[in-house]
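The questions below take up a pocket and then a helix.

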Amino acid sequence: MKYELLRILVVDDNHHFRTILTTMLRSLGVSKIYEASDGSSALELMRVHDMDMVLADLSMEPMDGLDLVRLIRNAPDSKNDMIPVIMITGNQGGRHRDFAATYGVNEYFNKPVKMDKLLATAEKLLAPKPA
């Protein structure tokens, strides 16, 4: 996979955690990383820039990660309703994971994120699909 070609959106209200994720992505060679502090800002960025993957926190204000994913998947003006979304959260309960799946979240990680898990998941989600 050519990581330097990827365009990844990192959405988290915690600036420190966004910095950790962007540092991890840059260490893989990803150079086009966009950051948003909530779902509303993320949607604005997605209207302007094409993205290949979204890493989003669950709990944010004013728009949380679930509402972000719901709009990505269902809004009439969504540019890429099939974009892979990894939800990253501090919420440990399986109930949150199941709920996120019903919204169309592709993968669900608990914080802290491990580099090897992020790498393996990105490769799986971004691999070309057989025709």
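A pocket is an open set of grid points where a 1.4 Å probe fits, with protein on both sides within 12 Å along at least five of seven lines. The model discussed here is predicted.

Q: What makes up the largest pocket, and what is its volume?
A: The largest pocket has a volume of about 160 Å³. It is lined by 13 residues, and those closest to its centre are Met-46, Arg-47, Ser-78, Lys-79 and Asn-80. Helix H2 (39-48) and helix H3 (65-74) are the elements that each give two or more residues to this lining, and H2 gives the most, with three residues.

Q: How do you know what span to expect of helix H1?
A: At 1.5 Å a residue, 18 Å is expected for the 13 residues of H1 (residues 15-27), and the helix reaches 18 Å from its first C-alpha to its last, which is close to that expectation.

Q: Which residues of H1 are called buried, and why are they said to line one face of the helix?
A: Buried means under 20% relative accessible area, and in H1 the term applies to Phe-17, Arg-18, Leu-21, Thr-22, Met-24 and Leu-25. Seen down the axis of H1, these buried residues fall within an arc of 155°, so they line one face. On the other side of H1, His-15, His-16, Thr-23 and Ser-27 are exposed.

Q: What covers the buried residues of H1?
A: The cover includes strands S1 (7-11), S2 (32-36), S3 (53-57) and S4 (85-89), together with helix H5 (115-126).

Conventions:
Residues are numbered from 1 along each chain as its sequence is written. This is a predicted model: local features need pLDDT of at least 70, side-chain atom pairs count only at pLDDT 80 or more; totals for chains, interfaces and linings use all residues. Side-chain values use heavy atoms; hydrogens and water are left out. On a 1 Å grid over the protein atoms alone, a cavity is a set of points where a 1.4 Å probe fits but cannot get out, and a pocket is an open set with protein on both sides within 12 Å along at least five of seven lines; lining residues have an atom within 4 Å of a point. Grid points are joined across faces, edges and corners, and a volume is the space filled by probe spheres set on the points. Helices (H or I, at least four residues) and strands (E, at least two) are DSSP runs, numbered from the N terminus. The expected span of a helix is 1.5 Å times one less than its number of residues. Buried means under 20% relative accessible area, exposed over 50%, partly exposed in between (1.4 Å probe, protein chains only). The arc is that of the directions from the helix axis to the C-beta atoms. Contact means heavy atoms within 4.5 Å.
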